[in-house]
Amino acid sequence: MLWPFNHFRKPRIPSRGTIEAMYGMIVTQAREPLFYRDLGVPDTVNGRFDLLVLHLWMVLRRVKPMAGGVGLAQTLFDRFCDDMDGNLREMGVGDLTVPKRMQALGEEPLAQALCKNILNGEGIENARRLAAYAEAVIAALAGLDEATLRSASWKFPSLA
């Protein structure tokens with residue numbers, strides 16, 4: 001017999017180690033020098049933020065449909081928000097301004113971010129290469145099993 005109150009249990013929260021490992025992989029990949037050197041992504045706060053969001057989005061897109069993936073995706077996204085909050089504070093953004101800046105960072109659609117913010121509307125060939133890279137990452141993530149994703153024992157495809 002099933003206990004009648006099972007639906008009141010809290011969902012299992014992913015371990016901090018899993019989240020830190022996955023988020024660390026995302027940040028490391030977003031800092032890959034090839035994006036800035038070869039694809040013309042501006043090596044600025046905005047350029048780095050946009051690449052971080054792109055990589056986060058690709059991972060969240062893959063993780064969310066997994067069993068327990070909604071909670072994992074939310075916890076990973078929360079880690080991203082905490083990181084951005086901390087970075088804004090380090091840059092001198094005041095306590096009253098942080099929530100407004102955080103909201104503004106997440107409102108722009110991905111398509112506009114790739115075209116306008118990452119490459120400043122210039123370099124269509126580099127934009128095509130970045131789009132092809134994003135498609136390769138999405139395909140690679142789709143091919144990973146859940147255990148591999150959760151263990152953060154995978155790598156982003158090479159940009160080259």
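1. Let's start with two helices: the axes of α1 and α3 come within 8 Å and cross at roughly 140 degrees. Axes here are lines fitted to C-alpha atoms over the stretch in contact, with angles from 0 to 180 degrees between N-to-C directions. Helices are DSSP runs (H or I, at least four residues), numbered from the N terminus.

2. This is a predicted model, where local features need pLDDT of at least 70, side-chain atom pairs count only at pLDDT 80 or more, and totals for chains, interfaces and linings use all residues. Residues are numbered from 1 along each chain as its sequence is written, and side-chain values use heavy atoms, leaving out hydrogens and water.

3. On the α1 side, the residues touching α3 include Tyr-23 and Ile-26; on the α3 side, they include Leu-51 and Val-59. Contact means heavy atoms within 4.5 Å.

4. Now the largest nonpolar core: it has 40 residues, and Phe-35, Leu-51, Val-59 and Leu-76 are those with the most contacts inside it. Such a core is a set of buried Ala, Val, Leu, Ile, Met, Phe, Trp, Tyr and Cys residues joined through side-chain atoms within 4.5 Å. α3 gives the most to this core, 9 residues.

5. Have a look at Leu-51 too: leaving aside neighbours within four places in sequence, its contacts include Ala-30, Phe-35 and Leu-130.

6. Finally, Thr-18 sits in helix α1. Thr-18 is buried, at 18% relative accessible area (buried is under 20%, exposed over 50%, partly exposed in between, with a 1.4 Å probe and protein chains only).
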